[in-house]
Structures are given as structure tokens and as C-alpha cells.
Amino acid sequence: MSDIQIAQQATMQEVSQLAEQRLGLAPQHLDPYGRYKAKVSLDVMAEMADRPDGKLILVTAISPTPAGEGKTTTTIGLSDALNRIGKQSLVCVREPSMGPCFGLKGGAAGGGYAQVVPMEDINLHFTGDFHAIASAHNLLAAMIDNHIHHGNELQLDARKIAWQRVVDMNDRALRDIVVGMGGTANGFLRQDRFDIVVASEVMAIFCLSNSLHELKQRLGDILIGYSTDGTPRYAHEIKAHGAMAALLKEALKPNLVQTLENNPAFVHGGPFANIAHGCNSVVSTKMALKLSDYVVTEAGFGADLGAEKFINIKCRKAGIKPDMAVVVATVKALKYHGGLALKELAEENLDALQAGLANLQKHLDNLQQEFGLRCVVAINHFVQDSDEEIALIENAVKQMGAEAILARHWAEGGAGAEALAHKVVAMLEQDSTACDFLYPDEMGLWDKIGEVAKRLYGADQVVAEKKVLDKIAMLNELHGSMPVCMAKTPYSFSSDAALRGAASNHTLTVRDVRLSHGAGFVVVLCGDVMTMPGLPKRPAAERIDIDDDGTITGLF
């Protein structure tokens with residue numbers, strides 16, 4: 001059966017019963033969105049402030065490939081398995097964006113027998129969080145142009161507006177646009193652009209804020225542009241932040257749903273990891289740590305992007321750290337990194353697998369040596385995998401200083417990941433050192449970029465044009481203490497997507513930098529990464545349909 005067919009056959013528990021029986025949440029803590037979805041009140045955090053935190057397990061992966069790695073599937077399967085072996089576990093994952101859902105990647109609610117449900121709702125409009133974020137973002141854009149139209153009291157330079165517009169869809173035609181056409185009644189003519197919602201600074205602020213108070217403060221600190229004399233101008237100066245926060249009031253509450261095995265799950269927030277910081281919301285993670293003994297969460301794409309930003313941005317700002325990491329790999333993806341074409345991946349090829357293991361080793365080395373994290377490798381099983389290929393990975397991972405566990409959660413649900421769950425528990429019961437940040441706050445921005453590029457990506461040099469270097473130097477004067485959010489291709493350690501495996505001695509090209517002042521980081525755009533993706537020649541939307549009874553098909 002397809003993922004959506006499996007999900008549609010699930011027997012779900014009423015969300016109010018799930019909340020009370022599994023999390024101890026009373027009805028007054030919930031705002032139900034139908035029978036199987038609910039928002040959880042932020043008051044829970046204050047009531048449980050004295051309760052000790054559970055263990056935080058970060059699920060990350062090798063560099064993604066067209067063959068798929070199953071990171072979200074493994075995250076869900078591991079949490080189900082922990083519950084199966086008698087542990088109290090709650091899974092925290094990001095909300096899917098409709099851009100890739102209708103584009104190339106598909107949805108992001110897991111797969112096979114390791115999914116969060118209701119799958120169709122989660123992959124489409126869900127509880128409306130992304131609509132609220134887009135509305136708040138575009139309200140600010142409208143108020144900026146309105147301010148200029150009605151006298152421009154702040155003397156905003158229309159050539160230096162730093163705030164674009166967003167939409168939750170892949171639409172390449174909106175990458176560069178002109179607004180204000182049609183005469184003076186429509187405002188001032190200027191160049192603008194659209195980004196996808198998951199790249200919005202409002203999304204980042206939403207996911208990094210601990211409270212409504214902090215949310216509003218961060219929204220007010222958004223840099224909107226510069227006046228004609230070069231003075232930076234912020235959202236609070238045009239009085240936009242209050243209304244923006246009002247639009248996000250309900251969205252900030254974590255979304256409670258369940259897995260196919262009726263285990264609780266938080267699905268909340270969704271910044272991309274290649275163009276944003278790639279983690280679910282701080283409020284849902286912190287709430288989960290109070291409600292459960294084991295919290296399994298994921299970071300987007302490979303560990304070079306998702307895990308790096310999870311630690312250096314989210315953990316730094318939230319005051320939390322992961323207790324260990326699970327690195328997801330597949331036989332097919334490793335063979336792809338070893339040089340095989342997609343059509344060749346189903347055939348056994350130990351030489352290509354051996355070559356592709358360099359990608360896994362680099363990610364493991366980064367996590368274990370650069371961040372000081374304990375790691376276990378989860379081999380996400382595919383039916384074509386041979387015993388010899390699995391054995392090769394297991395033996396190689398031992399030489400890398402870790403252990404590889406075969407997991408069959410896609411086909412068997414939590415039962416297929418019990419061995420992985422037992423290994424995770426055993427590792428967490430041992431003493432460990434705290435996870436380290438890659439760089440200190442006081443390090444300069446250019447040096448921070450260099451630390452990530454050279455230590456994690458294997459680059460031997462970082463280059464940028466003079467105008468970019470000047471911009472970085474200018475930002476460093478006022479904002480040098482901020483972390484950097486690297487935006488690059490997820491498919492390679494380099495900024496060139498074609499360089500598979502463990503690219504080394506390459507040059508990382510920084511194309512531009514953008515200040516996300518409210519979120520509190522500097523976005524570093526590398527290579528040709530796009531903040532507004534396009535649809536492929538045959539988008540997934542062509543396969544999605546609905547019948548007269550309201551049954552949706554084609555989602556995956």
C-alpha cells in the first residue's frame with residue numbers, strides 16, 4: 001500500500017483522550033481542531049516548570065540523495081519503538097511545507113508504518129500555522145509600502161528595502177518581481193521578490209520564541225530596510241509588530257497529533273534547513289521535554305546543515321542541548337554517494353557502497369569530534385539491501401567509533417526499530433560530556449563562516465566578492481555576536497550539488513549575506529542556493545486528487 005493508504009486505514013484515538021492518558025493534560029490545556037488534532041496551551045510550561053527535563057535525542061542523516069534516507073520516518077519509528085519497550089517517548093517534528101508537497105519531495109509526515117496522522121491534514125493546511133506566518137510576514141510588507149506611499153516619515157530608501165514577500169508554494173516566476181506598477185495610486189515602483197514561507201524570518205522567529213512576549217519583541221526587531229541616510233529601520237518603527245503577533249497568537253501553541261501506533265507527537269514549525277535553520281519550534285521541544293522521558297526530534301537535511309544549525313542556533317538560543325544523535329543512512333543513498341546512477345542502486349555493489357561510506361564517516365566525525373555528541377547509526381532498511389551490504393556498513397561504522405543498527409520501521413512500525421530503541425536507551429544511561437558549540441559568540445562573522453566551512457564541510461578556503469566582504473564587515477560591527485545560518489545546497493558538503501560523497505579541499509563561495517535581526521542570526525547564501533524553489537517538470541501536484549466522497553489520493 002502507499003503511504004496515504006496506510007495512513008487512511010489507521011485507527012486514531014480521540015486527541016483529548018490521547019492528551020489525558022499519555023501526557024496527563026486536562027481538557028482546559030487543549031484547543032481541539034476536530035477529533036484528532038489540538039493546540040496545547042502555553043500555560044502548560046508554567047505549570048510544569050519544576051518538572052525535570054527528559055532526554056533529547058537528535059535524529060539527523062547523511063547528505064540527502066534522490067534515493068531518500070527516511071529521516072522523518074526513522075524519527076517517528078524510533079519514538080514508537082521507545083514506547084513499545086516501555087519508555088515514555090514523545091516525537092517532535094516539523095510541519096510540512098506545501099511547496100515540496102506539491103513539488104518534488106512530497107510530504108513530510110513519515111512513511112510506511114512510521115507516520116504521524118492525520119497524514120492528509122498534516123501535509124496540507126493542518127491547523128493553519130503556515131497561513132498565519134505568511135499573513136504576518138506579508139502584513140509587514142504591505143505596511144512598508146503603505147508607509148512609503150503616505151509620506152515616508154522614516155525616509156525609507158525604496159532601493160534598500162530588506163523585507164520581501166512570501167508564499168507557501170514553489171513558484172519560480174515570483175523570484176524577482178516589480179511592485180507599484182499602474183501609477184501613483186498604487187504606490188512607488190520598485191523591485192521586489194518572493195521567498196517561500198519556510199525561508200521567512202517570521203518562521204524563524206516563530207520557531208525560536210519561548211513566549212508571546214518574546215515573539216512580539218523579536219517581530220519588532222525585524223530589519224525592514226534603511227533610510228536615505230543609511231539609518232537601519234525596524235518593524236516596531238512602523239508599529240507592525242503588535243498586529244503581526246496577534247496573527248500568530250494561536251499558531252504559537254504546539255500542535256498535538258499521534259503516530260500510527262497512537263503515540264503522542266508534536267508537529268510544529270517548519271523552517272527549511274538549506275535556506276533557514278531547519279528545526280521544529282522551541283516551545284514544542286521544551287514542552288515535550290517536560291511531558292516525556294525521551295524526546296525524539298529531527299533536524300532537516302544532512303547533519304552538515306540540520307544538525308549544525310540545531311546545535312549552533314536553536315540550542316544556543318533555547319538553552320537546551322541534545323543528549324545524543326541518531327544518524328540515518330541507507331544502502332542505496334550510500335551507493336549513490338559512491339558514484340552510482342539512480343537506476344543502478346537496486347543492484348548489489350560493494351565497491352560503490354565502500355566509496356559512499358566516506359559521506360557517513362564525515363558526518364559521524366563532525367558530530368562525534370567537533371560537537372562531542374554520542375552517536376548511533378540507524379540503517380533504514382530497504383527490501384533490495386543485501387546481507388553483505390548491511391554487514392559492510394556495520395563493520396565500517398565500528399571502525400568509525402560508533403555502532404550501526406538495522407531498523408525496519410518503515411515496514412514493521414515500532415517493532416522494527418526496537419533494537420535501535422534499546423541501543424539508544426543503553427547509551428543514554430551512560431555518563432556523557434555536554435554537547436559543544438562549534439564556535440563562541442564573540443568570534444567574528446567571517447571567522448564563524450570559516451569554522452563551519454573548513455571544519456564541517458571540508459573546504460580549504462572560503463571566498464566572496466569585495467561587496468559581500470564589505471557587507472559582512474559592516475554587519476560584524478553591530479551584529480558580530482550572532483550565529484551564522486548557512487544557506488547552501490543540501491546534496492553536498494560543498495556549495496556544488498554535483499560533488500557527492502565527502503567533498504574535500506573545495507572552495508566555498510559566499511554569494512550574499514542577509515541579516516535576520518529579529519531571529520538573531522545572519523543568513524549566509526552560498527553558491528546558487530535558491531530561497532524560492534521551482535516546481536519540477538512533473539510536479540507531485542499532478543498525482544494528487546480527491547474523489548466525490550472527499551478521499552484524497554496521491555499524497556506521499
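In the predicted model, Asp470 and Lys466 lie four residues apart in helix α19 (residues 466-479), and are therefore separated by about one helical turn. The side chains of these two residues meet in a salt bridge, with a distance of 2.8 Å from N to O. Lys466 is exposed, its relative accessible area being 61%, whereas Asp470, at a relative accessible area of 39%, is partly exposed.

A search of the whole structure finds 26 salt bridges. Among them is the pair formed by the side chains of Asp192 and Arg190, which meet at 3.6 Å from N to O. Asp192 counts as buried because its relative accessibility, 6%, falls under the 20% limit, and Arg190, with a relative accessible area of 7%, is likewise buried. Elsewhere, Asp31, Lys249, Glu250 and Lys253 are linked in a network of salt bridges. Side chains of opposite charge can pair when their charged atoms come close.

The protein chain is divided into domain 1 (3-127 + 251-429), domain 2 (129-247) and domain 3 (445-525). The centres of domain 1 and domain 3, taken over C-alpha atoms, are separated by 27 Å, and contact between these domains involves 27 residues of domain 1 and 23 residues of domain 3. The size of an interface is often given as the accessible area lost when the parts come together. For domain 1 and domain 3 the buried area is about 2,100 Å², with carbon and sulfur atoms giving 60% of that area. Asp304, Lys362 and Glu370 supply 23% of the area that domain 1 buries against domain 3, which is more than any other three residues supply.

Two salt bridges are counted between domain 1 and domain 3. The side chains of Glu370 and Arg455 also meet in a salt bridge, at 2.7 Å from N to O. Across the interface of domain 1 and domain 3, eleven residue pairs are found in polar contact. On the side of domain 1 that touches domain 3, the elements that give two or more residues are α12 (303-318), α13 (331-337) and α14 (350-370), and α12 gives the most, with eight residues. By class, this side of domain 1 has eleven nonpolar, nine polar and seven charged residues.

Helix α9 (residues 212-220) has Glu214, Leu215, Arg218, Leu219 and Gly220 as its buried residues. The elements that cover these buried residues of α9 include α8 (201-208), β13 (232-234), α10 (241-247) and α12.

Ile224 is found in strand β12 (residues 223-227) and counts as buried because its relative accessibility is 0%. Residues up to four places away in sequence being left aside, Ile224 touches Leu140, Ile144, Leu156, Ile161, Ala162, Trp163, Arg233, Tyr234, Ala235 and Ile238. Ile224 and Ile238 are 14 residues apart along the chain, and 9.6 Å separates their C-alpha atoms.

Terms used. Residues numbered from 1 in each chain as written. Predicted model: local features only at pLDDT ≥ 70, side-chain atom pairs only at ≥ 80, totals over all residues. Heavy atoms only, no water. Domains from an automatic or database assignment. Contact = heavy atoms within 4.5 Å. Buried area = accessible area lost by both parts, 1.4 Å probe. Salt bridge = Lys/Arg side-chain N within 4 Å of Asp/Glu carboxyl O. Polar contact = N/O pair within 3.5 Å; in protein donor to acceptor, adjacent residues only side chain to side chain. Nonpolar A, V, L, I, M, F, W, Y, C, P; charged D, E, K, R; others polar. Buried < 20%, exposed > 50% of the residue type's maximum accessible area, 1.4 Å probe, protein only.
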